[in-house]
Amino acid sequence: MSKIIAFEGLDESGKTTMCKSISKMIKHRDVCADRFTTSLRVYDRFFQRPDNSDFLSSLESCLAGQLTVVMIDTTPMRCLERGAQYTLRELKLQRRLFF
C-alpha cells in the first residue's frame, strides 16, 4: 500500500525542497504533499476562517496508517530570507500556531 507523506511548516521553510528530495529518493512510490491538515488548521486560525476541524479529523482518520506527517521547523527570519510574503511578526505568530 502506498503511503502519503505530508510536509508541514511555515512558508519558505523548505517543505517543497524536502518533498522533491524525498520523492526522488523513493522513486515516487509514495505520494508526497507540500502541506496537509496541520497547515489548514494553522492558516484557518491565522486568517480567522471558519473551523474545519471535524472535516480534517475525519480525513486524518480515513488515512490512518497511510499518512506520515513531517514537520519542517526553521526560524521565521530564515523564511523571510527565502522570500516569505509575510512580515516577521506574522511568521512568528504562525510558528507559534504550528508548534
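This is a predicted model: local features need pLDDT of at least 70, side-chain atom pairs count only at pLDDT 80 or more; totals for chains, interfaces and linings use all residues.

Reply: The protein chain contains five helices and three strands, which follow one another in the order β-α-β-α-α-β-α-α. Its C-alpha atoms occupy a box of roughly 40 × 35 × 15 Å along the principal axes. Of its 99 residues, 34% count as buried.

Helix α5 spans residues 88-98 and packs with helix α2, residues 37-46. In general, such a pair of packed helices is described by the angle between the axes and the distance between them. Here the angle is about 130 degrees and the axes are 10 Å apart. The two helices are therefore oblique to each other. The crossing of α2 past α5 is right-handed.

Side chains of opposite charge can pair when their charged atoms come close. Arg95 forms a salt bridge with Asp73, with 2.9 Å between the closest N and O atoms. This pair links distant parts of the chain, since Arg95 belongs to α5 while Asp73 sits in the loop between β3 (67-71) and α4 (76-81), 22 residues away. Arg95 counts as partly exposed because its relative accessibility is 30%, and Asp73 is likewise partly exposed, at 44%.

The segment after α5 holds Phe99. With a relative accessibility of 47%, Phe99 counts as partly exposed. Together with Val69 and Met71, Phe99 makes a nonpolar surface patch of about 250 Å².

The side chains of Arg41 and Glu60 meet at 2.9 Å, N to O. Arg41 lies in α2 and Glu60 in helix α3 (residues 53-62), so the pair ties together parts that are 19 residues apart in sequence. Both residues are partly exposed: Arg41 has a relative accessible area of 25%, and Glu60 has a relative accessibility of 26%.

Glu81 pairs with Arg78, the closest N and O atoms being 3.5 Å apart. These two residues both lie in α4, three residues apart, or about one turn of the helix. Glu81 counts as exposed at 56% relative accessibility, whereas Arg78 counts as partly exposed at 38%. The pairs described here are among the four salt bridges that the structure holds.

Notes
Residues are numbered from 1 along each chain as its sequence is written. Side-chain values use heavy atoms; hydrogens and water are left out. Patches are made of residues with over 30% relative accessible area and no salt bridge: like charges are joined within 9 Å, nonpolar side chains (Val, Leu, Ile, Met, Phe, Trp, Tyr) within 5 Å. Accessible areas come from the Shrake-Rupley method with a 1.4 Å probe; for residues, only the protein chains shown count as cover. Helices (H or I, at least four residues) and strands (E, at least two) are DSSP runs, numbered from the N terminus. Buried means under 20% relative accessible area, exposed over 50%, partly exposed in between (1.4 Å probe, protein chains only). Axes are lines fitted to C-alpha atoms, for helices over the stretch in contact, and angles run from 0 to 180 degrees between N-to-C directions. Angles under 35 degrees count as roughly parallel, over 145 as roughly antiparallel, 65 to 115 as roughly perpendicular and the rest as oblique. A crossing is left-handed if the near helix is turned anticlockwise from the far one by less than a right angle, and right-handed if clockwise.
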